Amino acid sequence: MKVLGVEFFECGVESAILNSQAGGLVVAPSGPGLSTDLLESDSYRKALSNADLVLPDSGLMCLWLRIFRKVSLRRVSGLEYLFKLLEAFDFQKSSFWVMPNSIQSKQNLAWLNKKYNAKIDAKYTYISPFYPKFGAIEDHELLESIELIKPNFIFIQIGGGTQERLGLYLKSHLSFKPTIICTGAALAFLSGQQIRIPTWADRFYLGWLFRCLSDPKTFIPRYFSAFRLVYLLFKYGENPPV
């Protein structure tokens, strides 16, 4: 289904996991991302349009479609997708993990080891540098590290708006076709680095509330800006907002 010029996957989380096994770029744009980055960043729009699987993560978008367009789009959050993927994941397959900082990397890996007995060597991880807020991203060091290993899966666990552009860079420059998963802070929520979001809260589109309560100064302005998405949906519908 096309919304704001983006083709969203319609068939639920199990089908999304199955479809992503063949390789390609998987993204889960949030409401704030659709309401801001989609307008302000050409490279972000390009990343979404070139993704192989775009998950309908925004509960606000799904609710709007149901109420005003009488269309049911099954929400698949990045958190739900990553959790169910990890539950079925074969950690014997090679994977590579891009982390936002060394502290989260250490604690996320410890959680993966405790939860799934996944002993991930440091050479299969990468601490991301500070990437520019706008424009295309290049990271030759990361590219070379991945080319040496040629993993089946690349998990990018950095912030939304940046991870999609990095994912597109890797997809465009790697000599092979891994599955590149951009689910932002989902792993941090699962491992407890950020506030845990109950399954029922994620299912009923209330993850934003738990985040706002945990860190009001950071998340209230971010999610308040997402309400601009309603205006964009009314004005543009399935068309790109540019």
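The accessible surface of the protein chain comes to about 11,800 Å², of which 56% belongs to carbon and sulfur atoms, areas being taken from the Shrake-Rupley method with a 1.4 Å probe, with only the protein chains shown counting as cover for residues. The model is a predicted one, in which local features need pLDDT of at least 70 and side-chain atom pairs count only at pLDDT 80 or more, whereas totals for chains, interfaces and linings use all residues. Residues are numbered from 1 along each chain as its sequence is written, and side-chain values use heavy atoms, with hydrogens and water left out.

Of the 242 residues of the protein chain, 53% count as buried, a term that denotes under 20% relative accessible area, with exposed denoting over 50% and partly exposed what lies in between (1.4 Å probe, protein chains only). The secondary structure comes to 13 helices and 8 strands, these being DSSP runs numbered from the N terminus (helices H or I, at least four residues; strands E, at least two). Among contacts (heavy atoms within 4.5 Å) between residues at least 6 apart in sequence, 75% join residues at least 24 apart.

The largest nonpolar core has 41 residues; such a core is a set of buried Ala, Val, Leu, Ile, Met, Phe, Trp, Tyr and Cys residues joined through side-chain atoms within 4.5 Å. The residues with the most contacts inside this core are Met 61, Val 98, Leu 142, Ile 154, Ile 156, Leu 166 and Leu 170. When residues up to four places away in sequence are not counted, Leu 142 touches Phe 96, Val 98, Tyr 126, Tyr 131, Leu 166 and Leu 170. A second, separate core of 31 residues includes Phe 91, Leu 109, Trp 111 and Ala 118.

Leu 166 and Leu 170 are among the buried residues of helix H8, which spans residues 163-173 and is mostly covered, with 8 of its 11 residues buried. The buried residues of H8 pack against strand S3 (24-27), helix H3 (42-50), strand S5 (95-99), helix H7 (140-149), strand S7 (153-156) and strand S8 (179-182). Within S3 lies Val 26, which is buried, with a relative accessible area of 2%. Val 26 touches Ser 20, Leu 53, Leu 55, Tyr 81, Thr 179, Ile 180, Ile 181 and Cys 182, residues up to four places away in sequence again not being counted. The C-alpha atoms of Val 26 and Asp 52 are separated by 6.1 Å, although these residues are 26 residues apart along the chain.

In helix H4 (residues 59-68), the buried residues are Gly 59, Met 61, Cys 62, Trp 64 and Leu 65, and their cover includes strand S1 (2-3), helix H2 (31-40) and helix H13 (228-236). H2 and H13 themselves pack at an angle of about 65 degrees, with their axes 8 Å apart; axes are lines fitted to C-alpha atoms, for helices over the stretch in contact, and angles run from 0 to 180 degrees between N-to-C directions. In this packing, Gly 31, Leu 34, Ser 35, Thr 36, Leu 39 and Glu 40 of H2 meet Arg 228, Leu 229 and Leu 232 of H13.

A search of the whole structure finds 10 aromatic pairs, rings of Phe, Tyr and Trp (its six-membered ring) being paired if their centres lie within 6.5 Å, with planes under 30 degrees apart counted as stacked, over 60 as edge-to-face and the rest as tilted. Phe 68 and Phe 234 form an edge-to-face pair, at 4.8 Å centre to centre and 70 degrees between the planes. This pair links distant parts of the chain, since Phe 68 is in H4 and Phe 234 in H13, 166 residues apart. Phe 68 is partly exposed, with a relative accessible area of 45%, and Phe 234 is likewise partly exposed, at 47%. One aromatic cluster is formed by Phe 89, Phe 91, Trp 97, Trp 111, Tyr 116, Phe 153 and Phe 155.

Most residues other than glycine have a negative phi. Lys 150, which is not a glycine either, has a positive phi of about 50 degrees. Lys 150 lies in the loop between H7 and S7 and is partly exposed, with a relative accessible area of 43%.
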